[in-house]
Number of protein chains: 2
Amino acid sequence: MNDIQIGLIGFGNIGAGVVKLLRENADVIRGKVGVGIVLKRIADLDITTDRGVPVDAGVLTTSVDDIFNDPDISVVIELVGGYEPAKSFVLKAIEKGKHIVTANKALLALHGTEIYAAADRKGVEVQFEAAVGGGIPVLTAIKGNLAANNVTSVFGIMNGTCNYILTRMTQEGADFTAMLQVAQQLGYAEPDPTFDVEGVDTAHKLAVLISLCFGTRIDFKDIYTEGISRISALDVKFAAQFGYRIKLLAIGKCVDGVIEARVHPTMIPLDSPLADINGVFNAIRLSGDFVGPVMFSGRGAGQNPTASAIVGDLIGLSRSMKAGAGRRMAPLGFLDDQITTLPVKPMSEMVSKYLLRFSALDKPGVLAAITGSLGTHGISIESMVQTARESADAAAVPIVIMTHEAREGAVLAALAETDRCDFICEATRFIRIEDNLE
Amino acid sequence: MNDIQIGLIGFGNIGAGVVKLLRENADVIRGKVGVGIVLKRIADLDITTDRGVPVDAGVLTTSVDDIFNDPDISVVIELVGGYEPAKSFVLKAIEKGKHIVTANKALLALHGTEIYAAADRKGVEVQFEAAVGGGIPVLTAIKGNLAANNVTSVFGIMNGTCNYILTRMTQEGADFTAMLQVAQQLGYAEPDPTFDVEGVDTAHKLAVLISLCFGTRIDFKDIYTEGISRISALDVKFAAQFGYRIKLLAIGKCVDGVIEARVHPTMIPLDSPLADINGVFNAIRLSGDFVGPVMFSGRGAGQNPTASAIVGDLIGLSRSMKAGAGRRMAPLGFLDDQITTLPVKPMSEMVSKYLLRFSALDKPGVLAAITGSLGTHGISIESMVQTARESADAAAVPIVIMTHEAREGAVLAALAETDRCDFICEATRFIRIEDNLE
């Protein structure tokens, strides 16, 4: 059998990593597939910038049609990123009967359904291990060896930028803005960090995981998404005082056919398996009805780990082609006609413990008013800390309350009530607490 | 296409788990494969004991030939365990052109080469995700999505019995024998626990991992294997005093084409990712040249997790068959003709840090003699603790020395020398230390 011919669209940092890996480990790959995997064409608008990897003459092109119209190319890697023209490219490649490998979580989160349907019609595969957790082979595991399980939950740390910033804030007692700047200087955060720090990238990944784990479509707008930009050094300090660490978690659950889907800063106990996932590392944990809890961790981003996942997908597809298989697996593991649309629980119905940080005037009756309001809304208190003023000239004192489990709707109603009182100096901060994520 | 028909040999605890999973999650499995996976025959010498799962009439048989000679059966699950008759059954099934799924690490560790060669000749697959780490899908990941990497190391906690005993010893300051008894009472340890506590089971798993990761045959006898039965409460206490925890690790490395393969109690720093893998949990960590470090953890044994891995293998094979593929992957991920026989580094050449625990008479000159002997053999000391006698009537005091990195051969030579001295009361204990396993 001949070598497997690949087309790559998008020759940026990750694309260069794929070129490097296919070249440096060509022998390893050939030794596992039996034929070579050859990048026949690379399309990018900019084909003059030196990407730091050698490319054979005639490979680079500015025209994606050179890839679409090449009958020898059986797999197209999409590394353009974003929604358009990535979506058009992917649909065009599918239309031409080519398998797709992509790292584009934003595209899959918003347009996955359309792309998967097109791939189903044409009988091609769509693989996207690199879309979640960089090189960590978690999606392949969920679709593959864990496929016999009913998955009940999936959660984790899926954005290296946020985890790096939170780790440094924890280690140094520093504020968000200062540590964001450090992350930017080190190249761990983009010049415009919004997608990462506001949780959007994490929510994209959660959308992909929820579809894979629960076999459901999910409207991206239904994922509650809150980032870390409002987390302060004070939040981190109080969390530690209660025995917790703050992490940006993506949390997906499926209980009685109802989906929970949320991304937000979360306090987790210091002895939680996720508490020690630090820096740019990612970790994804899931529970299946037979396998129980399983956790995967590793480098969640970067040129080399991402290339590892992309070329891993290529190897899988190449093995199937070489074995004479047609389409071996639908994009989500489930057959396409099995994908349903499960309802998503409104955030107000979500039940969690909360850390509430009130900024209140230090005068009689304040605590009674706050706790009274919580009680009225059925929220009971697990513990409380009231500390002295942060500085002598501060008007307000922080009152920190940890609640028992409560409905989010009740918590928001109670806080809306207390925040209207004249003894409350600023909007009350709250952070959700997960003691027993499984 | 018709349902995939399976034969199961060995109807014990794990076999019953497979029956249960195939029955309870039949819809999930059908929804991912497109056809059903049906257990057509189950062979066991004992078909009268109630296994707690319902089995259709006509499925049970005492004759394995009913499976071998059934042309409808395309996959055989071997759950007999041990070497024989498991090996004969597997070879016979291969000879009959059937794919193999097995959880039998002992068989693969000692007879894998022969089995893989037979499977190669007949063009069938051999899958064995359940052989290492129970339900943790680590082997599929190594063979699959991580396949583009040169793996440089693989290590981890792979025996739940040992990890449970060591965890309890650490938590309670108890001795090995007492905690073994607890493990036996809870069913975590066999009545004859030798295979587990002496590290043999872990070494079987390491043999499998080394072949998968480095594409090499390994003679099982070349794996240095030391269990936990000699670890005492005192060892655990001193380890903690130096900031370490003792775990039974399997360690495999490939450096410049030479294999390191060893199983032994190992002191790892408290902040190591493996230090918090407690109780019956397993964790496997590996490093690839592109993916970097990746870690997998979960339940390493038990009926349900093991069934998850076995049925996961069945789903993979079924998908390939349904897609019209012949043999999609060789057993080790590498094509069979790519498997080499790399040399194994002798244990005496292995370099590690060591914790040495001398039991010496409390008299002048002892410390000078010990440190002198270490110095003569080129072993330098990182830190030292000498404590008071354990009890007033004890003749000996423990002298505990942590070395810098040293060759094992040099350490053994030095200890042979000091242990001959009349001030040494019992054979000196040593535990290897891994500060930076990657």
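Domain bounds here come from an automatic or database domain assignment. The model is predicted: local features need pLDDT of at least 70, side-chain atom pairs count only at pLDDT 80 or more, and totals for chains, interfaces and linings use all residues. Residues are numbered from 1 along each chain as its sequence is written, while chains are lettered from A and ligands numbered from 1 in the order in which they are written.

**Stop 1: the domains of chain A**

Colour chain A in three parts: domain 1 (4-134 + 303-332), domain 2 (141-299) and domain 3 (347-433). Now look at domains 2 and 3 of chain A, whose C-alpha centres lie 25 Å apart. Their contact takes 15 residues from domain 2 and twelve residues from domain 3. Two residues are in contact if their C-beta atoms, placed from the backbone, lie within 7 Å.

Select helix 11 (233-241), strand 9 (244-255) and strand 10 (258-269) of chain A; these elements each give two or more residues to the domain 2 side. Helices (H or I, at least four residues) and strands (E, at least two) are DSSP runs, numbered from the N terminus. Strand 10 of chain A supplies the largest share of that side, six residues.

**Stop 2: helix 10**

Select residues 200-214 of chain A. This is helix 10, with 15 residues. From first C-alpha to last, helix 10 reaches 21 Å, close to the 21 Å expected at 1.5 Å a residue. The expected span is 1.5 Å times one less than the number of residues.

Of the 15 residues in helix 10 of chain A, 14 are buried. Buried means that 20 or more other C-beta atoms, placed from the backbone, lie within 10 Å of a residue's own. Step on to A:Gly215, just after the helix: its phi is positive, about 65°.

**Stop 3: where chain A meets chain B**

Show both chains. Each gives 56 residues to the contact. On the chain A side, select helix 2 (26-33), helix 6 (138-143), strand 12 (292-299) and helix 12 (303-322), which give two or more residues each. Helix 12 of chain A gives the most, with twelve residues.

Zoom in on strand 12 of both chains. The two strands pair in the antiparallel sense over five bridges. Strands pair if DSSP finds at least two bridges between them. A:Phe296 stands opposite B:Phe296.

**Stop 4: strand 17 of chain B**

Finish with residues 424-433 of chain B, strand 17. Strand 10 (residues 258-269) of chain B runs parallel to strand 17, joined by two bridges. Here B:Met267 has B:Ile433 as its bridge partner. Strand 13 (residues 351-361) of chain B runs antiparallel to strand 17, with seven bridges. B:Leu355 stands opposite B:Ile431.

How values were computed. Buried ≥ 20, exposed ≤ 12 C-beta atoms within 10 Å, placed from the backbone.
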